[in-house]
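Hi everyone, thanks for making time this morning. Let me put the structure on the screen, and then we can walk through it together.

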Amino acid sequence: MLQGPYGSVDRDRPLIRLQFTSFAVGTVLLPLTGLIACLFISLEYHFEDSTFTHCRVSNYLPSISAAVNLVPERYIWRCCIGLHSAPRYLVAIAYFCFYRRRFERLPELLLSGLVLLCSLAENTGLLLLTYVSSTETYSVHENALYVFIGSSLLHMFITCRLWYVIKTHYVNPEEVTSYSWKLRLFIFNICCCAAAAYFFRRHNKFCEAGVYTFFALCEYLIVFSNMAFHMTAFWDFGSKEVIVATPPEDKRY
């Protein structure tokens with residue numbers, strides 16, 4: 001449950017009370033630290049296995065799928081993604097409620113529903129992508145990747161559109177800052193996706209040394225910019241709290 005800083009919580013008995021800013025930071029830090037740990041372990045202990053491709057040319061960075069598919073990296077990554085998924089679903093619903101209160105026109109209300117679906121699809125696609133490896137069921141893994149990337153880009157695009165409307169009608173400096181960073185990160189993410197597609201295609205076609213390294217680097221930037229985009233909730237819900245509470249004992253049904 002989300003509460004404003006001055007909302008009455010007398011009717012509840014808080015079990016957990018956390019500032020949304022801390023909640024947002026913790027949610028993003030889980031996959032961030034997990035990915036950094038997996039990349040470090042892969043480069044330090046599994047360099048040959050994680051950087052190997054069918055072209056058998058020199059490569060200096062592992063792709064994310066290669067870095068998180070070895071042991072113990074696989075378990076670190078699955079643990080971090082699993083723990084962060086539940087808060088991500090909560091944030092998606094929180095944004096939907098926020099948009100429903102903020103907008104009155106039908107187009108924005110429809111877009112708020114669509115952005116909720118995109119957010120749920122993105123998180124579900126990431127879970128499938130994480131827990132179903134390409135070596136187990138390739139078709140499921142591949143389709144999950146398409147769902148994750150497609151829903152992620154669409155989610156960013158619609159979110160930027162909604163926040164453009166918010167920026168147009170409101171003058172809260174935090175909302176302006178949030179919109180500016182959302183737009184920058186969305187454009188950067190698109191550029192990284194295009195670059196990654198180019199390097200991946202070039203690697204498969206020409207098998208040039210080092211090209212797959214650039215693909216892996218673009219892949220990292222895609223994920224980092226995606227995390228940063230979700231981190232803008234820091235501004236959107238900065239004055240809110242996440243509360244887990246039990247009903248009062250004298251509540252009547």
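In what order do the elements of the protein chain run from the N terminus on? They run β-β-α-α-α-α-α-α-α-α-α-β. In total that is 9 helices and 3 strands, where helices (H or I, at least four residues) and strands (E, at least two) are DSSP runs, numbered from the N terminus.

A quick word on what you are looking at. This is a predicted model, in which local features need pLDDT of at least 70 and side-chain atom pairs count only at pLDDT 80 or more, while totals for chains, interfaces and linings use all residues. Residues are numbered from 1 along each chain as its sequence is written, and side-chain values use heavy atoms, with hydrogens and water left out.

Now the overall picture. The C-alpha trace of the protein chain spans about 65 × 40 × 30 Å along its principal axes. Of its 253 residues, 44% count as buried; buried means under 20% relative accessible area, exposed means over 50%, and partly exposed is in between, with a 1.4 Å probe and protein chains only. Among contacts in the protein chain with a separation of 6 or more, 76% come from residues 24 or more positions apart, contact meaning heavy atoms within 4.5 Å.

Let's turn to helix packing, starting with helix α1 (residues 20–45) and helix α4 (residues 73–102). Their axes come within 9 Å and cross at roughly 160°. The axes are lines fitted to C-alpha atoms, for helices over the stretch in contact, and angles run from 0 to 180 degrees between N-to-C directions. α1 and α4 are therefore roughly antiparallel to each other; angles under 35 degrees count as roughly parallel, over 145 as roughly antiparallel, 65 to 115 as roughly perpendicular and the rest as oblique. α1 passes α4 in a left-handed crossing, meaning that the near helix is turned anticlockwise from the far one by less than a right angle, whereas clockwise would be right-handed. Who meets whom? On the α1 side the residues include Phe 20, Leu 30 and Ile 41, and on the α4 side they include Trp 77, His 84 and Val 91. By class, this contact has 16 nonpolar, 4 polar and 2 charged residues. Here Ala, Val, Leu, Ile, Met, Phe, Trp, Tyr, Cys and Pro count as nonpolar, Asp, Glu, Lys and Arg as charged, and the others, Gly among them, as polar.

Next come helix α5 (residues 106–131) and helix α6 (residues 138–169), with axes that come within 7 Å and cross at roughly 150°. α5 and α6 are therefore roughly antiparallel, and α5 passes α6 in a left-handed crossing. The contact of α5 with α6 divides into 16 nonpolar, 8 polar and 3 charged residues.

Finally, the cysteines. How many disulfides does the structure hold? It holds 1, a disulfide being a pair of cysteine sulfur atoms within 2.5 Å. Cys 55 is joined to Cys 207, with S to S at 2.0 Å. The torsion about that S-S bond is about -60°, so the disulfide is left-handed. This pair links distant parts of the chain, 152 residues apart: Cys 55 lies in the loop between α2 (47–51) and α3 (64–67), and Cys 207 in the loop between α7 (173–206) and α8 (211–231). Cys 55 counts as buried, at 13% relative accessibility, and Cys 207 as partly exposed, at 28%.

Thanks, everyone!
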